[in-house]
Amino acid sequence: MGVGRAHSVALLGLDGALVEIEADTARGLPAFVLVGLPDTALGEAKARVRSAIGNTEFDFPAGRVTINLSPASLPKTGAAFDLGIALALLAAEGLVDPASVAGVVHLGELGLDGRMRPSRGVLPMVLAAERAGFDTVLVPAGNADEAALVPGMRVVSVASLRDAAIWHGAELEHLEVEPLLPAPAPDAEPELGDLADVVGNRDAVEAVQVAAAGGHHMFLLGPPGAGKTMIAARLPGILPDLDERAALEVSSIRSLAGIPVGRSLATRPPLEAPHHSASSAAIVGGGSGVIRPGAAARAAHGILFLDEAPEFAPTALDSLRQPLESGVITISRVSATASFPARFQLVLAANPCPCGNAGVRDAECTCTPFARRRYLGRLSGPLLDRVDIQLDVPRVTAAQLRMAAEAPVTTSDAARARVLEARARTAARLAGAPWRLNAHAPGTWLRTDGAPHPGSTASLDRALERGALTMRGYDRVLRIAWTLADLDGVDRPGLEQIGRALYLRKAAT
Amino acid sequence: MAAKDELGRRGERLAEQYLEARGYRLIERNWRCRHGEIDLVMRGGDVIAFVEVKTRTSTAFGHPLEAITPVKLARMRRLAGLWREAHPDERGRIRIDAVAVLAPRDHAPSIDHLVGVF
């Protein structure tokens, strides 16, 4: 008889809020009431907790049991509150030490036999617990590796409710149970292929290195078989490793999306390549009760590759405009508003027309002019406006293939070293600035402190006067030029860098 | 008489003794009408308590109180009204109580009295 307290975490997007679980057992007709905006899965905790407590040699309280999850107005979802509810109840009955239960955060779903089941999103929950000032967390054995990724947190792995109760001072005998484990994480990252595999397309190889060094979005336009997909798939391989904060965010999103996290933080940038039938909810995330991350959030700090971009639903493509601008995806639903990090690098690939042969030498395009226009018109102007590099990828000719055999090849390792060097130069130059990559440089800076060598912008100015380039396009060329300068190791972009930067936007005109 | 009815009678007697020992006075036992039965009607001060008694020999099929469902409580409430109609002279506030009698075969019974369960 009395009130027991425990703590758990409710997730909203990647942000966790601390939830206090109060359990009151009082005299009265037997009843089990759970209040505090539970969803269906959480409401069913009643059945799980009752069985788990019964199967752990405890008597379920005979009177009226009330569980309150506070703050009451915050919607709570999922089964990860089970352990906290069970222990708050045992604390209310005096079967475990109430002070010990109140002092740690409990996460995990209970099985009917009292064993702990692994849950989704344990990593961001443990992060939230750490931010809320807790230093100890009880997690299911199946999530222990994931929880241990949070530095400075004491993680207690429990295989069953019995283990947890014993840890909190219950007088029970230890009983070895087989812990429930999640599906094992793949040992190695999937093989992405080496940049050396790309034959003949020197421009494209250069373009991916520029994209990687400056964080520029990229649009590859070319006929089928030109190697667009091959080139795009090699971009993650030449990006630098993630820093600790980014790695934690990437792993947190994986945890939330139900992808195995493994024993160590993700160090390589993720690659997400959704199919072109994806809806806008699949791209940005959504769901009515639980708000889940979409492909764009899973691609945060990595690459979002949209192959056959014009085949995507226009609403799906345009839903990317806001995250491209702000680096954050905000999803609003009736119950709550969740936000996910979404600073990804966008890579679009498209054929020039539905049949794919427009502009190809020795091949005939069978599309009507109208069909051709409409095809690329599906990529909206505002979206393409945000893409810095727009490159034509032609089919490789026999002559290029012969020449490529003699020319030196660029391997992914060499390219990554070059990218790292360029990024180091960028970082040194932008030490005091709020942005870290050339792609994020604001236009005012590009035209004042960041202006290229005087007199080198003549070709650019001409393009602007002709109307071949908008003012925004002008800024984009300058950003690419800065990345080229960093790759070349020069202090400030000159005539050469601007010329090459213009070339990397030629598909736009 | 079947064994379960025997047990029920015994439980009701035990409950009655238990309540009388605590200052309640019996007004009526097993009052019936065509809507059902009230196990005990007791008076304690200015309160008339309508008591539902549940007896079990073990908790193997749950605690006796778990057998008192919302439907049964609603019926008690209705019966209490009918009883008042039939006994216009009895005055006082009405209250619905539940008594659980756990009477194992070879142990002393344990009795649990819940006040005002509806």
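Modeller: Two strands pair if DSSP finds at least two bridges between them. Helices (H or I, at least four residues) and strands (E, at least two) are DSSP runs, numbered from the N terminus. This is a predicted model, in which local features need pLDDT of at least 70 and side-chain atom pairs count only at pLDDT 80 or more, while totals for chains, interfaces and linings use all residues. Residues are numbered from 1 along each chain as its sequence is written, and chains are lettered from A and ligands numbered from 1 in the order in which they are written.

Biologist: What makes strand E3 (residues 31–35) of chain A a partner of E4(A)?

Modeller: The two strands are joined by 5 bridges and run parallel. The definition asks for at least two bridges, so they pair. Val33(A) stands opposite Thr66(A) in E4(A).

Biologist: How do you know in which sense strand E2 (residues 15–26) of chain A pairs with E4(A)?

Modeller: Their 7 bridges are in the antiparallel sense. Here Glu20(A) stands opposite Ser70(A).

Biologist: What makes the side chains along strand E4 (residues 64–70) of chain A alternate?

Modeller: Val65(A), Ile67(A) and Leu69(A) point to one face and are buried. A residue is buried if 20 or more other C-beta atoms lie within 10 Å of its own, exposed if 12 or fewer, and partly exposed in between, with C-beta atoms placed from the backbone.

Biologist: How do you know what span to expect of helix H10 (residues 244–257) of chain A?

Modeller: The expected span is 1.5 Å times one less than the number of residues. H10(A) has 14 residues and reaches 20 Å from its first C-alpha to its last, close to the 20 Å expected. Its buried residues include Glu249(A), Val250(A), Ile253(A) and Leu256(A). Among the elements covering them are H5, H6 and strand E16 (337–341) of chain A. Gly258(A), with a positive phi near 80 degrees, follows H10(A).

Biologist: What makes a nonpolar core, and how many residues has the largest?

Modeller: A nonpolar core is a set of buried Ala, Val, Leu, Ile, Met, Phe, Trp, Tyr and Cys residues joined through C-beta atoms within 7 Å. The largest has 137 residues, and Ala86(A) and Ala296(A) have the most contacts inside it. Helix H3 (residues 82–92) of chain A gives the most to this core, with 9 residues. Another core, of 21 residues, lies apart and includes Met42(B) and Leu79(B).

Biologist: Which residues does Ala86(A) touch?

Modeller: Residues are in contact if their C-beta atoms, placed from the backbone, lie within 7 Å. Leaving out residues up to four places away in sequence, Ala86(A) touches Val49(A), Ala52(A), Ile53(A), Leu110(A) and Leu161(A).

Biologist: How many residues do chain A and chain B give to their contact?

Modeller: Chain B gives 7 residues and chain A gives 5.

How values were computed. Two residues are in contact if their C-beta atoms, placed from the backbone, lie within 7 Å.
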